Amino acid sequence: MPKNTKVTQREHSNEAVTESVADLLSLEHPMDYKSSQISMGLSPGSTAPVKALLPSPDPDAEDGRPAWNNKMEYILAQVGFSVGLGNVWRFPYLCQKNGGGAYLVPYFILLLLIGIPLFFLELAVGQRIRRGSIGVWNYVYPQLGGIGVSSLMVCGFVGLYYNVIIGWSIFYFFKSFQYPLPWAECPIMINGTQAMVVPECEKSSATTYFWYRQALNITSSINDTGGLNWRMTLALLVAWIMVCLAVIKGIQSSGKVMYFSSLFPYVVLFCFLVRGLLLKGAVDGIAHMFTPKLEKMLEPQVWREAATQVFFALGLGFGGVIAFSSYNKRDNNCHFDAALVSVINFVTSILATLVVFAVLGFKANIMNEKCVVDNAEKILGFLNTGVLSKELIPPHINFSQLSAQDYAEMYGVIKTVKDENFGQLGLDACILEDELNKAVQGTGLAFIAFTEAMTHFPASPFWSVMFFFMLINLGLGSMIGTMTGITTPILDTFKIRKEILCVACCVIAFLLGLLFVQRSGNYFVTMFDDYSAGLPLTVVVILENISVAWIYGTKRFMQDLEDMLGFRPYSFYYYMWRYVSPAILVLLIIATVIEMAVSPAGYNAWVESEGAESFHSYPPWALAMAYALIVAAMLPLPLVFIARHFNLISDGSNKLSVSYRKGMMKDMSNLEEQDEQRFILSKNPSEAPSPMPPHRTLLGPGGAHEMTNTNYGTSTKTGYQNIGSPESEL
């Protein structure tokens, strides 16, 4: 290429470059068609050398895009994004609910069938195209460019309420610096000259009361907003300041934060595991957790929930995976990264499950012992009043040292003798298994069950500080990925300083997040968690899969991977992307829609007078808001498709970044047709041509017709496949 051309001058400058493909071609000297394979006079079997349309630059050449300082930062960022609060409070609940150890079988199978392949797909497209979610899908297929916008919308919705949970953790973190912990005992109220336990706390528990009344100060209905909770508002402000500082410099700042936020939770989990295993009853909890109920594996619901958990555990569809990967070098081994991060995520879920049920096993033993003591006092009262005969009590039982086994024996005798009148005694069975079967998840696990267990730990404030600091870091890692999924596509599309964009996003998000720090805010968190991400993200990911596997072309994508990685990925991925993963995702969408149609739309409201939760249906306005979240998240998909189908907006491909331009130049340097059978079966790269396949027919300046060689009086196609027509691969 001549050194004085515009392309060459711009390539060696530091200025941002955006050129259309047509502009790039028009600036270069005419190609010698006679020596090119695309010349109409060349026979199909000719072995004449291919003359590149444009020279192929070094793919790792500097293109002005930020890059990770080292591989460790990148892996920690992906791990921090994928390993979040769901690993700690969602996976253990599903494992317990769906058959204990038996649940791990469908989870692992689905991890192999949809988790790793789709995670690998997102890593690869981000690394190959080096753009955020909007730019990637505009490049692959402009008419499905709404995929990136929908991802951004979902990231926004999730980020709004996810950071509220970090705010709650910050509140509990600062409340943990006191002994005894403020949720260890019920507060005492003075009524005249009489001191009494607060009735709401007495009817529930100290930790439950603290969560609903002291922390959230919750209302009894979503209709009653109750005004702002100033303590949670302040905590939310601190949370957004932390997130803003972490992402304000892009990956240069977030990469450094990840060294701590991604690694510290593992330190805490291992500490809790060691401490938990030393607690009485920990083994009971772990044994209960992993005792397989094999019959559960035959239930479709178990497989649906396993697929959903795999889907969300890896952060598929959010755009954060693509955004992080877009800052990699083109030759980075993203196949290894996909397997590594997926395995780390799975192992982390297992580790968190061990910790949770070791601690809950300890809690179950404490609660069971308390149950035995309380009911033993009832029995003593019945013995003293003559309601029960002392002859019913086995002679070896000592009430001062009553074990669970002794109580179970005594309970069985009394139940047998007092068969008809037994219910009037009000005695509980006090079975450890019943305590272990009380499944809790989400905020109920983190802010009620786990906090209650920690009140019985020696040095409980220390463990409480560690636990909530771990939650803050887990949430922060996920929020960095979520924010990157928002800012990266915007920065790729518009020329704006990342610092200004990050601050603006955080300020707007904080103001919108005030919805969740009202006294009724917890009900809106539940609504957003149930409706804003589930169905929209599943639709986004299946469209990602289809656009790559069926529109761009699986074999073309596999060839891109071979060019990037230096080896051809296993044929396993070909069949997963093309057939298995789309089929599973379709079934998941159908199951999700059926679940939404069958299950009543509502929330668990806190009833102060009863000291318990009660299910309430959403009022019409709230139900409309819930469905509006789904519509708003998926609306960009049809809008962008229609707008680009009728040429109402640009297809997004006429302006390419430097990395786009270099990729296209490399694409056009290797244009030639190849036999599909040779592509799939050949193992030696030299056996099959290695073109970098393009994604659409080259467009002329008008954008409506294929570029033709008018000098030769015949239409000379470049070999680019028309993206609007289905690919014939099989």
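Biologist: In which loop is P180 found?

Modeller: P180 is found in the loop between α8 (146-175) and β1 (188-191), where helices (H or I, at least four residues) and strands (E, at least two) are DSSP runs, numbered from the N terminus. This is a predicted model, in which local features need pLDDT of at least 70, side-chain atom pairs count only at pLDDT 80 or more, and totals for chains, interfaces and linings use all residues. Residues are numbered from 1 along each chain as its sequence is written, and side-chain values use heavy atoms, with hydrogens and water left out.

Biologist: At what angle do the axes of α3 and α12 cross?

Modeller: Axes are lines fitted to C-alpha atoms, for helices over the stretch in contact, and angles run from 0 to 180 degrees between N-to-C directions. The axes of α3 (residues 71-82) and α12 (residues 251-261) come within 9 Å and cross at roughly 75 degrees. That makes α3 roughly perpendicular to α12, a label that covers 65 to 115 degrees, whereas under 35 counts as roughly parallel, over 145 as roughly antiparallel and the rest as oblique. On the α3 side M72, E73, L76, A77 and G80 take part, and they meet I251, G255, K256, M258 and Y259 of α12, contact meaning heavy atoms within 4.5 Å.

Biologist: How is an aromatic pair read, and what is the geometry of F81 and F324?

Modeller: A pair of aromatic rings is described by the distance of the centres and the angle of the planes. Rings of Phe, Tyr and Trp (its six-membered ring) pair if their centres lie within 6.5 Å; planes under 30 degrees apart count as stacked, over 60 as edge-to-face and the rest as tilted. Among the 57 aromatic pairs of the structure, F81 and F324 are edge-to-face, at 6.3 Å centre to centre with 80 degrees between the planes. Because F81 lies in α3 and F324 in α16 (residues 320-325), the pair ties together parts that are 243 residues apart in sequence. F81 is buried at 7% relative accessible area, and F324 is buried at 0%. The rings of Y574 and Y575, with centres 5.1 Å apart and planes at 75 degrees, are also edge-to-face; Y574 counts as buried at 2%, while Y575 is partly exposed at 38%.

Biologist: With which residues is T207 in contact, leaving aside its neighbours within four places in sequence?

Modeller: T207, found in helix α10 (residues 206-215), is in contact with W183, F447, I448, T451 and E452. At 2% relative accessibility, T207 counts as buried.

Definitions and conventions. Buried < 20%, exposed > 50% of the residue type's maximum accessible area, 1.4 Å probe, protein only.
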